[in-house]
Each structure stands twice: as C-alpha cells, then as structure tokens.
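Here is a short briefing on one structure. Keep the sequence and the 3D view open while you read.

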Amino acid sequence: MFKTIKNALKTPEVRKKLLYTLVLIIVFRLGCFITIPGVDTFALNEAMNSSEGIAGLINIISGGAFSRFSIFAMTISPYITASIVIQLLAMVIPSLERLAKEGGEEGRQKMNKYTKMLTIVLAIVEALGIYLSYQSSGIFVSPGFLTGFIVVLSLVAGTALLMWLGEQITSKGIGNGISIIIFIGIISSLPGAVTTLWNLVFGSGAFSTSGLLIALGIIVGAIILVAGVVFVQTAERRVPVQYAKKVQGRKMVGAQNTHIPLKLAMAGVMPVIFASSFMTFPAMILQIFIKDISTATGFWAGVYKFSIATSTSDVPIGYSIANALVYLLLIVGFTFFYTYATFNPAEVSNNIKRNGGFIPGIRAGKPTTDYLSSIISKITWFGGFFLAVIAILPMLLRFTGLNIAFGGTSILIVVGVALETVQQLESQLVMRHYKGFLG
C-alpha cells in the first residue's frame, strides 16, 4: 500500500488527482465546523453532550458535524438512502430496469438524475425532522418559521454540496467519492477513540491495571478485526476458464487458460452502509410527526426505540437483540442484492460462450450459468454473514459499559474504502504506464 502511494506521488497525473481530492476533503472538514445560522452554540453544547440515539450515530458518520449542527450535519445519508430506493425500484419497474441495463451511458446519467432528485426530497424530509426534534431544546435563538426555513435550507444545501463533492472526487479525483467522504467522517473520530482508551488507563488520575488490560484487549481485537476484514475483502475464488484455438483475421490464436476472480465480499462495504441508513431512517421520519418521541409510549415509540437500539444504551435489551437480528438480515440481504446487481452469471456465461471459452468439466450455456450462480451464492452467504457479524460486534461491546465509537461497522467501512482506494490508485498507475509505453 505504501509503495503504491509512493509511486502515485511520483506520477504527475495521479499526484494532481490526489491533491485535488485532498483539497475537496479539506473543504468537507471545514464545512463540518460551519454552524447553521440562528443556533445558540452554548445551548447546543449542552444538548449534544446529553444526546444519544440517532444523533450519536449520525454524528459518527458525519465526523462530528451533527454535534456542531453544521451545514454538513446530515452528511451524505439522504443520497445513500435514495440510491437504495432507486436500485430497488429498478428491480420492480420494467422501464427503470431497461434504463439501468440497456441504457448505456445515457441511461446511467438518467438514473443518476433520478437519484439526485430523490436525494433532495429525502434531505428536505430529514432536515425538517431534525429541526422539529430540536425546536423545543433551546438550541435556536428564536424558533419560528424563518429559523426553520434557514435550518432546513442550510441542511439540504449542505447535503447537495457533499453530493457534488463526492461526484467531483469520483470524476476528477481518485474515485469512490461518496465512500471517501464517509471514510473521512469516520476516521475523524479516531482521536476521540484514542482518548477513551487513554482515560481507561489514566482517567482517574492514577494508573489502572484493569483499564490497561481492557485497552490492550480492545487494541488486539481491533487488529484482529482489521486483519479479518483485509483477508475477506481481498480473498477470491478463481474459476478456471479455457479458450479453444480460433482464427482472428489471418492469424490462428492459440488456446488460452485464464480465470474469473470472484471475491468473497464482492459487494464491499456497501451492504453495511445501506443497512445502517435503512435502520435509522424510521427514527428520522418519526421525529417529524411525533413531538418528544424519545419520551413517548406506544407502538410508534417502540419502533423509534427499535430503530436507535444500535446507538444508545437507554433501550431495553429486547430491542437491542431484535435490532441486531434485523440488522444482520438486512446486511445479508443487501449483500445478495448488491452482488447480483453487479455480477450477472447469465451474462458472464454468454460472454464466455461467445468467445469460444468453457469452464473445465462444465458444459457451455445454462450449466455454466447454474455453476457460476452456485458459487456466487455460497461465497455471498459467507461474505454477508462475515460483514454482519463484524457490524454487530459494537452492540455486544456496548453491554460491557464501554463506549467505543470506532466499532465494527466503522472498521468495515474504513478498511474497505482504504482497500478500494488503493486498488483505484494501482489501476490508474497501470493505465499511466501503458500510456507511457505506447506513447
């Protein structure tokens, strides 16, 4: 990884992309410290220090922007939710399905346009919910229609700006723009996690042996998690493919042996991000329609507690267990959905057959499709459950009384995005070397 970064810095084109990405990241971090107009910062500190639940989860992903009530307080979550909805609709609406599969570049642009439009709608709904939730908390200087309009407009504009920054990083930077924004937001909480570990050992003013053992256990556990995530993210099942001799023009092309690399975690960290957004969305909506939902009782109050059970310790253990089970099922389900959305066994089988290839021991056509589908199903089950287990580990850790924000989900996202970014850099370096050779 360090060698790749070193080579990237030596290559002028890639270095410019890295510097451009760095500038946009700085813009993102500066925006996290710009508080929305009309907010009383002293009252905000008191309110946020005592808040948990959905606010705490959003604050981790936004890199502390939510606790400062900045213009990036909602981070990029509306865009992620909109992407989920559009992809799900593409599976049930024939016109969207044709647009996604057969539309080419124009179809991709239209799907992106629909995603942006839905993002703005969801951002307005979420911003309105945030304002109504904190309207009576005293953090606004003069609560009213004008203040609410400014707050909602600022939050929606911040999300739109983040969406634009992500697109610029993807098109003109090093790629994976949305993932990098989430990545930067999460690692900005790393100093806070280090401070928590320090307080375990020296928090009482004296050295604590038990605190040292707990801190070492957390560090060793984090190292094991990172190693496991790296192993699963890079591991792959290689399906051998043989191509027979054929005539191309006036030349006879000889037989060729190659393979299809099928990753264990083909979907990457996207299922975890999708599931997190899906789980927290009901709490955001309920905050709009029910005043003081955190202290309410009844069915919808139970739904709210269930939705925030991953990020607060003030709910009964039953809610946490149910939330963990649903969270696990969502991650596995989104893993299958995202894998089959990006890898079509029938299409791969047809391409192999069209080019005169075959998998040893497997007939071309439908048997090849069934064989690939069987392999994809097995490795996706493993990858999905691995992601789910790592993601729900913080829920188990929370019952020990420790509050480590940099948990399993954060490690999954950080390591996954780091690996994808390094792969992007390597591919760009390879392309640059090919250009230099040909030129």
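Rings of Phe, Tyr and Trp (its six-membered ring) count as a pair if their centres lie within 6.5 Å. By that rule, Phe 336, Tyr 340, Trp 381 and Phe 385 form one aromatic cluster. The model is predicted.

**Aromatic rings**

- The count of aromatic pairs comes to six.
- Phe 202 and Phe 207 are one of these pairs, with ring centres 5.8 Å apart. Their planes stand at 55°, so the pair is tilted. Planes under 30 degrees apart would count as stacked, and over 60 as edge-to-face.
- Phe 202 is partly exposed, at 35% relative accessible area.
- Phe 336 and Tyr 340 have ring centres 6.4 Å apart. Their planes are at 10°, so this pair is stacked.
- Both residues sit in helix α14 (residues 317–342). They are four residues apart, which means a separation of about one helical turn.
- Is Phe 336 buried or exposed? Phe 336 counts as buried, at 17% relative accessibility. The cut-off for buried is under 20%.
- Tyr 340 is partly exposed, with a relative accessible area of 34%.
- Phe 336 and Tyr 340 belong to the cluster that also holds Trp 381 and Phe 385.

**Salt bridges**

- Side chains of opposite charge can pair when their charged atoms come close.
- How many salt bridges does a search of the whole structure find? The search finds four.
- Lys 116 and Glu 167 form one of them, with the closest N and O atoms 2.8 Å apart. Lys 116 lies in helix α7 (residues 104–134) and Glu 167 in helix α8 (residues 145–172). The pair therefore ties together parts that are 51 residues apart in sequence.
- Lys 116 is partly exposed, at 28% relative accessible area. Glu 167 is also partly exposed, at 23%.
- Arg 238 and Glu 236 meet through their side chains in a salt bridge, at 2.8 Å from N to O. Arg 238 is exposed, with a relative accessible area of 53%. Glu 236 is partly exposed, at 30%.
- Asp 370 and Lys 366 also form a salt bridge, at 3.0 Å from N to O. The two are four residues apart in helix α16 (residues 366–398), so about one helical turn separates them.
- Lys 366 is exposed, at 59% relative accessible area. Asp 370 is partly exposed, at 40%.

**The sheet**

- Strands of a sheet pair through backbone hydrogen bonds, either parallel or antiparallel.
- In what order do the three strands of the open sheet run? The order is β4-β1-β5, and the pairing is antiparallel.
- β4 (256–263) and β5 (357–358) are the edge strands. Each of them pairs on one side only.
- Strand β1 (residues 236–243) is joined to β4 by eight bridges.
- Val 239 stands opposite Ile 260 in β4.

**A nonpolar surface patch**

- Six side chains make up a nonpolar patch on the surface: Val 85, Leu 88, Leu 89, Met 91, Val 92 and Ile 93.
- Together they have about 480 Å² of accessible area.
- Where does Ile 93 lie? Ile 93 is in the loop between α5 (77–92) and α6 (94–102).
- Ile 93 counts as partly exposed, at 31% relative accessibility. Patch members need over 30%.

**Loop residues with positive phi**

- Most residues other than glycine have a negative phi.
- Thr 75 is not a glycine, yet has a positive phi of about 45°. Thr 75 is placed in the loop between α4 (54–61) and α5.
- Thr 75 counts as buried, at 3% relative accessibility.
- Asn 176 is not a glycine either, and its phi is positive at about 55°. Asn 176 lies in the loop between α8 and α9 (177–187).

Terms used
Residues are numbered from 1 along each chain as its sequence is written. This is a predicted model: local features need pLDDT of at least 70, side-chain atom pairs count only at pLDDT 80 or more; totals for chains, interfaces and linings use all residues. Side-chain values use heavy atoms; hydrogens and water are left out. Two strands pair if DSSP finds at least two bridges between them. Patches are made of residues with over 30% relative accessible area and no salt bridge: like charges are joined within 9 Å, nonpolar side chains (Val, Leu, Ile, Met, Phe, Trp, Tyr) within 5 Å. Accessible areas come from the Shrake-Rupley method with a 1.4 Å probe; for residues, only the protein chains shown count as cover. Buried means under 20% relative accessible area, exposed over 50%, partly exposed in between (1.4 Å probe, protein chains only).
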